Amino acid sequence: METEVFTDYLGRDVRLTAERRKHILDHPEMQEWVEKIPDVLARPDRVVRSRFDPESELFYVWKTRTRVGPKYLCVVVVAKPHDAFVLTSYLTDTVKKGDILWPRSGP
């Protein structure tokens with residue numbers, strides 16, 4: 001499998017390499033969620049800039065049903081001026097602290 005390219009909520013191209021996809025799939029709980037990465041990038045509930053790495057943006061979507069209970073599906077994107085790529089994706093209980101880049105707006 002080669003590199004896939006998705007479009008995020010800002011219209012940026014975001015790469016997911018075969019190596020990063022394999023890394024994500026090494027975690028059994030992510031088997032059913034890796035195919036949702038494009039949706040999370042395009043329609044996040046929230047996007048937070050990492051406090052520890054200003055190039056890392058964490059995209060979150062709440063999922064009520066996962067193998068491990070209700071969780072956020074988080075996709076971590078490294079966003080450089082002329083490149084963006086998925087670093088990892090995982091399920092988590094909480095949204096990390098950091099600058100909120102995108103709150104989901106109401107209807």
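This is a short chat about a predicted model of one protein chain.

Reader: What helices and strands does the protein chain have?
Author: The protein chain has two helices and seven strands.

Reader: And in what order do the elements run from the N terminus?
Author: They go β-β-α-α-β-β-β-β-β.

Reader: How does the radius of gyration of the protein chain sit with a compact globule?
Author: It agrees. A compact globule of 107 residues would have a radius of gyration near 13 Å, and the protein chain has 13 Å.

Reader: What does the C-alpha trace span along its principal axes?
Author: About 35 × 35 × 30 Å.

Reader: How much of the chain is buried?
Author: Buried residues are 37% of the 107.

Reader: What share of contacts comes from residues 24 or more positions apart?
Author: Counting contacts with a separation of 6 or more, such residues account for 45%.

Reader: New topic. Where does P28 lie?
Author: P28 is in a loop. On one side is α1 (18–25), on the other α2 (37–42).

Reader: How far is P28 from R67?
Author: In sequence, 39 residues. In space, 9.5 Å from C-alpha to C-alpha.

Reader: Last one, charges. How many positive and negative, and how far apart are their mean positions?
Author: There are 18 positive and 17 negative charges, and their mean positions are 6 Å apart.

Terms used: Residues numbered from 1 in each chain as written. Predicted model: local features only at pLDDT ≥ 70, side-chain atom pairs only at ≥ 80, totals over all residues. Heavy atoms only, no water. Helix = DSSP H or I, 4+ residues; strand = E, 2+ residues; numbered from the N terminus. Rg over C-alpha atoms; globule rule 2.2 N^0.38 Å. Buried < 20%, exposed > 50% of the residue type's maximum accessible area, 1.4 Å probe, protein only. Contact = heavy atoms within 4.5 Å. Lys, Arg positive; Asp, Glu negative; His and termini not counted. Charge placed at Lys NZ, Arg CZ, Asp CG, Glu CD.
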